Amino acid sequence: MQLTAPATRRTGIRDADGMAVASFVLGLIGLLVFNVFLGPIAIVLAAVALWRDTNRRGRAYLGMGLGVADLLVLVAFMQADSTVSWSF
C-alpha cells in the first residue's frame, strides 16, 4: 500500500531546487551565527543539488561559496581570538 504518489523527474528537480535555495539561505545565515554547523551543511546541500541537476545552479554555487566563506570566517576569528568560538 502506497500512501503517496510515486516520485517523478519533476519531483526530483523540485527537491534539488529546494536544496539549492536552502544551501544559499543557510550559508548566508552562517556568516552571522553557527558557522561551524551551517557552513558544512550549506556545502553538502549545494553539492547534492548540483549532482541532482538543479535548475537553480547559480543559487547552488552561491550556497557553496557562502558555506566555504562561513568556514573561512570561523578560521579567521579562531586565529585572531585563539578560541574555537567567537563573539562580537
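Reader: Is aspartate 53 buried, partly exposed or exposed, and what is its relative accessible area?

Author: In this predicted model, aspartate 53 is found in the loop between α2 and α3. Buried means under 20% relative accessible area and exposed means over 50%, with partly exposed in between. Aspartate 53 falls in that middle class, so the answer is partly exposed, with a relative accessible area of 40%.

Reader: Which residue does the side chain of aspartate 53 meet in a salt bridge?

Author: The structure holds 1 salt bridge, and a salt bridge needs a side-chain nitrogen of Lys or Arg within 4 Å of a carboxyl oxygen of Asp or Glu. Here the N to O distance is 3.6 Å, and the residue whose side chain meets that of aspartate 53 is arginine 57.

Reader: Where is phenylalanine 34 found, and near what value is its phi?

Author: Phenylalanine 34 is found in the loop between α1 and α2, and it is exposed, with a relative accessible area of 60%. Phenylalanine 34 also has a positive phi, although it is a residue other than glycine, and the value is near 50°.

Reader: Which residues form the nonpolar patch on the surface, and about how much accessible area do they have together?

Author: Phenylalanine 34 is one of the residues in this patch, and the others are Val25, Ile29, Leu32, Val33, Val36, Phe37 and Ile41. Helices α1 (9–30) and α2 (35–51) each supply at least two residues of the patch. Together, the residues of the patch have an accessible area of about 760 Å².

Reader: Which element gives the largest share of the nonpolar patch?

Author: Valine 36, which is one of the patch residues, is found in helix α2 and is partly exposed, with a relative accessible area of 41%. The largest share of the patch amounts to 3 residues, and the element that gives this share is α2.

Reader: Is alanine 46 buried or exposed, and what is its relative accessible area?

Author: Alanine 46 also lies in helix α2, and it is 19 residues from glycine 27 in sequence but 9.8 Å from it in space, C-alpha to C-alpha. Since buried means under 20%, alanine 46 counts as buried, with a relative accessible area of 0%.

Reader: Which pattern does the protein chain follow when read along the sequence?

Author: The protein chain has 3 helices and 0 strands, and of its 88 residues, 26% count as buried. Read along the sequence, the chain follows the pattern α-α-α.

Note on methods: Residues are numbered from 1 along each chain as its sequence is written. This is a predicted model: local features need pLDDT of at least 70, side-chain atom pairs count only at pLDDT 80 or more; totals for chains, interfaces and linings use all residues. Side-chain values use heavy atoms; hydrogens and water are left out. Patches are made of residues with over 30% relative accessible area and no salt bridge: like charges are joined within 9 Å, nonpolar side chains (Val, Leu, Ile, Met, Phe, Trp, Tyr) within 5 Å. Accessible areas come from the Shrake-Rupley method with a 1.4 Å probe; for residues, only the protein chains shown count as cover. Helices (H or I, at least four residues) and strands (E, at least two) are DSSP runs, numbered from the N terminus. Buried means under 20% relative accessible area, exposed over 50%, partly exposed in between (1.4 Å probe, protein chains only).
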